[in-house]
Amino acid sequence: MNMQVMQSVVWAVLLWPCLVSLGVPLECKDEQGNIIPCASISKEKLLDRVIQHAELIYRVSEESCTLFEEMFVPFPMRSQRNQAGYTCATKAFPIPGSKSEIQQISDKWLLHSVLILVQSWIEPLVYLQTTLDRYDDAPDTLLKKTKWVSEKLLSLEQGVVVLIRKMLDDDMLTTSYYKQGVAPYDLQPEVLESVLRDYTLLSCFKKDAHKMETFLKLLKCRQTDKYSCFLR
């Protein structure tokens, strides 16, 4: 099996939950907040909007992770997360580290990687909101930030789906999310276990949010000059 065929098989397996027989028209908001068809926005403007969403999501994820750490994670515990077996469960999408790697990847790989990352976090962030509500002293700021990120992630998913339709002429994608298989939270978990698990979830999401932003900015760079794009 050659590399191109193998890549096609891999994408088919990863994206099967996203495939439907008919595409559903998606809606976006203009600068005044009015609902307009996403298809009416130019590819360039839509990509800019998607990047802005990704930037905000990453920034707020950083703030949420730092706030949670300061509120609930004593300093000695911060190094115990990986030792206790709490590792990131999302798909591995390594960031290209050289000019040759950047030139070899395709726009399709970048867009589909972002979509899979976005969809893999929709359900876990819902779980996170549920478990944070059980913290007696969780600040409203943290609760609001996690809720905001969860809502914005759905908007980012919608924007990426439309971008794929516009840039790849792929009308088969919809916003049915990809489940990453995160187990539901226990009803009454041990405090330490719950804190470490939620801390891991926030840390892993921050890491993947950075990948989403990086891939989208690389995609934008490639639209102008494919051979001069570097990741800083």
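This report describes the fold, the core, the aromatic pairs and the charged contacts of a predicted model.

## Basis of the description

Because the model is predicted, local features need pLDDT of at least 70 and side-chain atom pairs count only at pLDDT 80 or more, while totals for chains, interfaces and linings use all residues. Residues are numbered from 1 along each chain as its sequence is written, and side-chain values use heavy atoms, with hydrogens and water left out.

## Overall architecture

The protein chain contains 7 helices and 2 strands. Helices (H or I, at least four residues) and strands (E, at least two) are DSSP runs, numbered from the N terminus. Read from the N terminus on, the order of elements is α-β-β-α-α-α-α-α-α.

Of the 232 residues in the protein chain, 44% are buried. Buried means under 20% relative accessible area, exposed means over 50%, and partly exposed lies in between (1.4 Å probe, protein chains only). A contact is defined by heavy atoms within 4.5 Å. Among contacts between residues at least 6 apart in sequence, 82% join residues at least 24 apart.

## The nonpolar core

The largest nonpolar core comprises 57 residues. Such a core is a set of buried Ala, Val, Leu, Ile, Met, Phe, Trp, Tyr and Cys residues joined through side-chain atoms within 4.5 Å. The residues with the most contacts inside the core are Phe 68, Leu 153, Leu 156, Phe 205, Met 212 and Leu 216. The elements that give two or more residues to this core are helix 2 (43–72), helix 5 (107–132), helix 6 (140–168) and helix 7. Helix 7 supplies the largest share, 13 residues.

Not counting residues up to four places away in sequence, Phe 68 touches Val 73, Leu 132, Tyr 135, Leu 142, Val 195, Asp 198, Tyr 199 and Leu 202. Leu 196 is found in helix 7 and counts as buried at 4% relative accessibility. The C-alpha atoms of Leu 196 and Met 77 are 8.1 Å apart in space, although the two residues are 119 apart in sequence.

## Aromatic pairs

The structure holds 6 aromatic pairs. Rings of Phe, Tyr and Trp (its six-membered ring) pair if their centres lie within 6.5 Å; planes under 30 degrees apart count as stacked, over 60 as edge-to-face and the rest as tilted. Trp 109 and Phe 215 form an edge-to-face pair, with 5.3 Å from centre to centre and 65 degrees between the planes. This pair links distant parts of the chain, Trp 109 in helix 5 and Phe 215 in helix 7, 106 residues apart. Phe 215 is buried, with a relative accessible area of 0%.

The pair of Trp 121 and Phe 205 is edge-to-face because the ring centres are 5.3 Å apart and the planes stand at 70 degrees. Since Trp 121 lies in helix 5 and Phe 205 in helix 7, this pair ties together parts that are 84 residues apart in sequence. Trp 121 and Phe 205 are both buried. One aromatic cluster is formed by Phe 68, Phe 72, Tyr 135 and Tyr 199.

## Salt bridges

A search of the whole structure finds 5 salt bridges, each being a side-chain nitrogen of Lys or Arg within 4 Å of a carboxyl oxygen of Asp or Glu. Lys 220 and Asp 48 meet in one of them (2.8 Å, N to O). Lys 220 lies in helix 7 and Asp 48 in helix 2, so the pair ties together parts that are 172 residues apart in sequence. Lys 220 is partly exposed at 37% relative accessibility, and Asp 48 is partly exposed at 30%.

Arg 222 and Asp 107 also form a salt bridge (3.0 Å, N to O), linking helix 7 with helix 5 across 115 residues. Arg 222 is buried at 10% relative accessibility, whereas Asp 107 is partly exposed at 23%. Within helix 7, Glu 213 and Lys 217 are 4 residues apart, about one turn of the helix, and their side chains meet in a salt bridge (2.7 Å, N to O). Glu 55, Glu 213 and Lys 217 are linked in a network of salt bridges.

Lys 211 lies in helix 7 (residues 191–224). Lys 211 is buried yet has no salt bridge, and the nearest side chain of opposite charge, Asp 208, is 4.5 Å away. For charge, Lys and Arg count as positive and Asp and Glu as negative, while His and the chain ends are not counted. Not counting residues up to four places away in sequence, Lys 211 touches Phe 93, Pro 94, Ile 95 and Leu 117.

With a disulfide defined as a pair of cysteine sulfur atoms within 2.5 Å, the count comes to 0 disulfides. Cys 65 is in no disulfide, and the nearest cysteine sulfur, that of Cys 204, is 9.2 Å away. Cys 65 counts as buried at 5% relative accessibility.
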